[in-house]
Amino acid sequence: MSSKILGLVSQECLDKFMAFDIEKSCVNEFIVNGLNMGIMAGALAVKMPQIIKIFANKSVQGISEASFALEFIASSLFCTYNMLMRHPFAAWGEMFFVSVQCMILLCLFWWYAPQIDLLPRVLLMNMGSFGFMWAMSGQMPEQFLPLLGMAPAVLGIAARLPQIALNFKQGNTGHLAFLTFFLSFMGNLARIFTTLKQLNDPVTLASHVCAALCNGTIVAQILYYWNATKASNAQEEKGKKAKKEE
């Protein structure tokens, strides 16, 4: 099997491995590329537990719309920045899949949340689409690139703060899916490592560090409020059954 099929090491490193000549640079290459592939594979389904949980409960109780919306914007801007910087897709591609899944979550929120005014939300989505096309058209001045790169880090923090604050306020984590945030947190840690090894870009590194801190906080909250959340969700389920029986 060739190194191109493996997608993990160069032909030179593969030949050295086969000859039991282990070099540190080749080991690093193998680890980084392996993590890139793992992160990409995980990103394909990182939000699926949350999507499934909302579908199953037909409820967005305890979930912050602002959190999903800001995460969608942040991940979209992150993709735009990396495309403009011509970074390899393997170094950031998971955020494309995350942005798609965030959009699905937003649509579910709008479907299940009562009294949602869709018009301003649709207008904002259209404005964002035009902004993306403008940036990718090459008309954006280069001096704006660092600002574009830092925006995901700022928005990433803003995306998680409403959910973190809501969790503290209500004393439980509602229908948040532990697996989704745990996988996101682990992916952030892995991406910090690959960014340090693969890219010389402090802006990208800062985004991953901020994301790790925020996702790690929510993971800690889910664990801390585990029993309170079970009690709250059970109470909500009783309320639904009582309404059906009326």
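At what angle do helix α5 (residues 65–84) and helix α6 (residues 94–112) pack, and how far apart are their axes? Before selecting them, note that this is a predicted model, in which local features need pLDDT of at least 70 and side-chain atom pairs count only at pLDDT 80 or more, while totals for chains, interfaces and linings use all residues. Residues are numbered from 1 along each chain as its sequence is written, and side-chain values use heavy atoms, with hydrogens and water left out.

**First stop: α5 and α6**

Select residues 65–84 and 94–112: these two helices pack at an angle of about 155°, with their axes 9 Å apart. Here helices are DSSP runs of H or I with at least four residues, numbered from the N terminus, and axes are lines fitted to C-alpha atoms over the stretch in contact, with angles from 0 to 180 degrees between N-to-C directions. α5 and α6 are therefore roughly antiparallel, a term for angles over 145 degrees, just as those under 35 degrees count as roughly parallel. Their contact (heavy atoms within 4.5 Å) includes Phe-68, Phe-72 and Cys-79 of α5 and Val-98, Cys-102 and Leu-105 of α6.

**Second stop: α3 against α6**

On the α3 side the contact is made by Ile-39, Met-40 and Ala-43, and on the α6 side by Glu-94, Phe-97 and Gln-101.

Leaving aside neighbours within four places in sequence, Lys-47 is in contact with Glu-71, Val-98, Gln-101, Cys-102, Leu-105, Arg-160, Thr-180 and Ser-184. The C-alpha atoms of Lys-47 and Arg-160 are separated by 15 Å, although the two residues are 113 residues apart along the chain.

**Last stop: Asn-188**

Finally, select Asn-188 in helix α9 (residues 178–198), which counts as buried at 12% relative accessibility. Beyond the neighbours within four places in sequence, Asn-188 is in contact with His-208, Ala-211, Ala-212 and Asn-215.

Notes: Angles under 35 degrees count as roughly parallel, over 145 as roughly antiparallel, 65 to 115 as roughly perpendicular and the rest as oblique. Buried means under 20% relative accessible area, exposed over 50%, partly exposed in between (1.4 Å probe, protein chains only).
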